[in-house]
Amino acid sequence: MNQAQEASGPRARRRGKQRENPTPKAGRNLPAAIGSGVGMLVCVLGGLLFLPLGFVLVTATFAIFGVWEIYRALEAAGTRLPIVPVMVGTVAMPIAAYFGGLESLLFAMLVSSVAVLLWRTLEGAAGSARSIFAGVFTLSWVPFLISFAALLLHTADGETPVGLWPDGVIPAGAWEIATLLLLVVANDTFGYLVGASLGKHPMAPKISPKKTWEGFAGSIAGAVVVGVPAMIFVLGEPWWFGVVLAVGMVAAATAGDLAESMVKRELGIKDMSSILPGHGGVMDRLDSIVFASPVAFILFSALTAA
């Protein structure tokens with residue numbers, strides 16, 4: 001093939017299309033991602049600040065969608081997830097955490113795991129070990145970890161409300177969850193912006209090639225900018241705890257993101273689904289929150305006990 005033919009051939013046309021439709025460096029539709037992210041945040045914060053049980057139910061709903069995405073991905077890879085007991089446990093754990101506290105959450109996790117074992121045993125021995133492991137893993141990964149957010153709303157005096165907050169007073173736990181969510185959003189937003197413009201050094205190239213150390217530094221800086229004012233003006237806590245919380249949230253969110261990337265790479269998929277514009281699947285948004293929730297619970301509990 002001569003040079004003139006090559007210039008007008010399929011390769012040239014593909015190169016032309018690539019120049020006309022450049023792919024963003026971070027591989028995401030930013031306006032769609034911001035729009036859907038803000039919409040979810042408003043929905044969650046609205047329930048959190050006005051109807052706490054509504055927030056718990058919204059949390060359970062997100063967990064249900066996330067578990068369903070994992071179920072479909074595992075099934076496509078040849079692993080059958082015991083979906084019925086896993087879904088029952090997914091609904092039960094956030095509600096148990098909200099009304100009963102940590103002990104109830106642990107009990108719900110134990111019962112759900114036993115239910116997965118018994119359910120799969122009744123279905124036969126073929127592939128049971130892999131199926132049981134997948135069920136317990138999914139329960140531990142999504143509903144159990146995200147239920148720690150509901151734990152922040154649980155009141156030790158047993159007066160956890162079913163309706164509106166008593167006397168219209170929003171407790172500290174609700175503001176703590178709001179801070180947690182804002183820090184996760186700051187982590188994602190600032191990490192994306194800095195990583196897309198300045199990122200050159202991958203953190204884990206074999207797991208998530210587009211996640212860079214520059215983006216990680218941007219996430220920490222953005223989270224600190226959000227966390228310090230939140231501690232001072234919203235929660236009335238020392239400014240330095242905002243720095244500690246910001247670093248903890250970014251570390252946990254990054255670990256959650258890398259963990260999900262590793263699972264997706266193992267399953268050979270790019271996104272868990274395409275239900276959220278600009279984000280992929282629900283699990284592609286929950287990956288950071290599920291890891292950040294228990295870390296926030298631990299840090300806030302330590303601050304209260306200090």
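**Starting at a strand**

Author: Ser208 sits in strand β2, which covers residues 208–212. Strands (E, at least two residues) and helices (H or I, at least four) are DSSP runs, numbered from the N terminus. This is a predicted model, where local features need pLDDT of at least 70, side-chain atom pairs count only at pLDDT 80 or more, and totals for chains, interfaces and linings use all residues. Residues are numbered from 1 along each chain as its sequence is written, and side-chain values use heavy atoms, with hydrogens and water left out.

Reader: Is Ser208 buried or exposed?

Author: Ser208 is buried, because its relative accessible area is 13%. Buried means under 20%, exposed over 50%, and partly exposed in between (1.4 Å probe, protein chains only).

Reader: And what is Ser208 in contact with, leaving aside neighbours within four places in sequence?

Author: Leu258 and Ser261, once those neighbours within four places are set aside. Contact means heavy atoms within 4.5 Å.

Reader: OK, salt bridges. How many in the whole structure?

Author: A search finds three. The criterion is a side-chain nitrogen of Lys or Arg within 4 Å of a carboxyl oxygen of Asp or Glu. One of them joins Asp257 and Lys211, at 2.7 Å from N to O. Asp257 belongs to helix α10 (residues 239–267) and Lys211 to strand β2, so this pair ties together parts that are 46 residues apart in sequence.

Reader: Which other pairs are there?

Author: Glu75 and Arg80 meet through their side chains at 2.1 Å, N to O. Glu75 is partly exposed, at 36% relative accessible area, and Arg80 also counts as partly exposed, at 45%. Then Lys264 pairs with Glu260, with the closest N and O atoms 3.7 Å apart. Those two both lie in helix α10, four residues apart, about one turn of the helix. Lys264 and Glu260 are both buried.

Reader: Where's the kink in it?

Author: At Ala92, shortly before the proline Pro94, and the kink is about 25°. That bend is the angle between axes fitted to the seven residues ending there and the seven starting there.

Reader: What does α5 pack against?

Author: Its buried residues pack against α4 (52–76), α6 (102–122) and α7 (128–151). Among those buried residues are Ile83, Met87, Met93 and Tyr98.

Reader: What about Asn187, buried or exposed?

Author: Asn187 counts as buried, since its relative accessibility is 8%. Asn187 lies in helix α8 (residues 172–198) and, apart from neighbours within four places in sequence, is in contact with Ser219, Val250, Ala253 and Thr254.

Reader: Last one: what's the pLDDT across the protein?

Author: The average is 83, and 81% of the residues score at least 70. pLDDT is the predictor's confidence in each residue, from 0 to 100. Over residues 1–26 pLDDT stays under 50, and there the model has 13 contacts beyond four places in sequence.
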